[in-house]
Amino acid sequence: MFPYQPVNNHEDLLAVVDGLLQEAGLARSDFGGQITFEGMDPIRPTHIKVGCASAAVGGANAIASAIIWKKRSGQSQDIHIDLRKAYTIQSPWQDVLVNCTLVNGTSQMFGGNVGELGSHILPTRDGRFVILTSLYSSNTERVMQLLDSGTLPKQLERATRKWDAIDLENAAQDAGVPLVICRTRQEFQATEQYQHHASAPLIHIEKIGDSKPEPFPPGSRPLSGIRALGMVHVVAGPAVLRQLAAQGADCLNLNTLNWIEEPTMFWQCQAGSREAYLDPRVDGNRKAVYNLVKDADVFVENLRPHLADKQGFSAQTLAQYRPGIIYVKVKLNTPTGPWADWMGYDFTAAGLSGILCDIGSSDQPQLPHGVNVVCDFLTGYLGSIGVQAALLRRAAEGGSYLVTVTLSQTVMFEQALGLVENSALLDMDNMGPDHKPVPPNLQTGQTAFGEFTRLGSQIEMSETPEYWADPIISPIGSSKPEWL
């Protein structure tokens with residue numbers, strides 16, 4: 001990873017943007033314009049520098065799009081980011097944003113349940129804490145089998161108190177349960193896995209095959225004519241497709257017949273993607289998936305480690321069917337190291353990387369205040385940056401590429417930017433206008449659900465503004481598994 005430094009002003013923030021671009025093999029000078037910022041953390045009552053983290057990844061992603069547009073059209077453009085509304089990139093699930101996700105005028109920011117337990121910090125027999133997350137009924141079933149417990153918080157707490165933390169963590173990962181110890185940052189940095197994370201790029205782009213160069217096709221937007229196929233769910237994976245669609249890509253996500261996405265996740269993550277039923281686990285459907293891949297430019301998956309590979313959809317396999325494919329993996333940890341096969345979600349990464357102890361303490365870790373998520377959406381943006389960088393390489397030299405981004409490294413990135421001190425959080429009411437949220441940009445359109453309003457792009461681009469073509473969002477199964 002690039003040695004990111006704490007951010008205290010816009011000059012520091014620009015250095016972070018440059019670091020992100022460098023990791024992706026890009027340079028700010030290539031887009032031919034200026035990027036400017038307004039506002040500064042703290043903006044929300046959280047220790048995470050959500051404004052800076054959002055502006056950095058959102059800005060780098062916009063610059064990647066601007067570089068592509070300059071290659072396609074010869075036009076340069078300027079980019080402006082107001083951190084006082086860009087903080088919403090990091091999390092749309094905030095109390096001040098309750099009226100920014102509406103279906104026919106009714107707030108849909110929270111609500112719905114598909115058998116999830118949510119996230120719980122739970123004590124263990126040896127005085128440690130673990131973080132458990134279950135977002136689907138299948139997760140919950142495995143949790144109950146492992147802990148021999150009911151689903152109420154007190155029942156879970158009684159069950160985890162019967163285990164020592166390290167034994168429970170090992171048993172959980174063996175059982176496919178997203179549970180890890182809430183480590184301190186120092187404990188994490190002493191692990192072998194940390195060394196694998198630190199030595200791997202935050203946006204890892206690897207050439208995995210040869211093919212002829214593919215110039216960008218004619219089009220009115222940076223990613224017009226680009227087709228992205230997904231096997232994604234929850235947050236970070238769909239966020240990659242969402243951001244590609246925001247610059248004109250045709251994004252198609254494949255769902256199994258019995259798949260139900262938690263509504264809170266669906267409204268925020270699935271914008272811009274057409275949603276089809278095509279179960280890749282069924283042997284008879286494999287040919288249809290490969291045919292879609294043959295006409296795709298990008299493939300994105302955030303399934304459990306090795307699951308796509310076992311089903312016949314590894315990066316190497318798809319590169320054989322479609323030389324020139326850009327394959328994106330979104331995982332908890334890097335593909336090397338003792339924790340490479342671990343599964344988990346946003347708070348899993350936060351727990352193992354130490355930020356929950358940063359926010360609280362080693363004797364009482366805490367979930368982030370005010371924002372309800374740590375790294376998911378930021379990781380999706382990193383994946384989008386990687387895709388666009390790989391598309392630029394493919395246009396120049398050809399080749400198939402594997403892009404890997406991880407939740408845990410994204411948390412490390414956030415930690416590197418520095419945390420907001422408690423004293424600053426207590427003094428927020430006395431801070432000036434640079435620290436006061438301003439109303440974010442919204443986008444509204446007609447969909448199969450009726451009138452849908454969601455957070456729009458908070459990145460101002462003078463020539464190629466980000467937006468989602470109508471319909472902004474589509475019901476699962478409403479599209480045929482075919483390209484437009």
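1. The structure, a predicted model, holds one cavity of 30 Å³ or more. A cavity here is a set of points, on a 1 Å grid over the protein atoms alone, where a 1.4 Å probe fits but cannot get out, and lining residues have an atom within 4 Å of a point. The largest cavity has a volume of about 150 Å³, a volume being the space filled by probe spheres set on the points, with grid points joined across faces, edges and corners. Of the 17 residues lining the largest cavity, R242, Y381, R454, L455 and G456 are the closest to its centre.

2. On the basis of the model, local features need pLDDT of at least 70 and side-chain atom pairs count only at pLDDT 80 or more, while totals for chains, interfaces and linings use all residues. Residues are numbered from 1 along each chain as its sequence is written, and side-chain values use heavy atoms, with hydrogens and water left out.

3. At least two residues of the lining of the largest cavity come from each of α9, α16 (376–397) and β16 (450–455); helices (H or I, at least four residues) and strands (E, at least two) are DSSP runs, numbered from the N terminus. By class, this cavity lining has eight nonpolar, six polar and three charged residues, where Ala, Val, Leu, Ile, Met, Phe, Trp, Tyr, Cys and Pro count as nonpolar, Asp, Glu, Lys and Arg as charged, and the others, Gly among them, as polar.

4. The largest pocket (an open set of points with protein on both sides within 12 Å along at least five of seven lines) holds about 920 Å³ of space. Its lining has 37 residues, of which Y136, H233, W259, L303 and R304 are the closest to the centre. The elements giving two or more residues to this lining are α4 (137–147), α9 (236–245), β10 (250–255) and β13 (326–331), and the largest share, four residues, comes from α4.

5. For the second largest pocket the volume is about 440 Å³. Among its 21 lining residues, S119, L135, M265, F347 and N372 are the closest to the centre, and β5 (118–123), α10 (263–269) and α14 (346–353) are the elements that give two or more residues.

6. T140 is found in helix α4 and counts as buried (under 20% relative accessible area, 1.4 Å probe, protein chains only) because its relative accessibility is 9%.

Note on methods
Buried means under 20% relative accessible area, exposed over 50%, partly exposed in between (1.4 Å probe, protein chains only).
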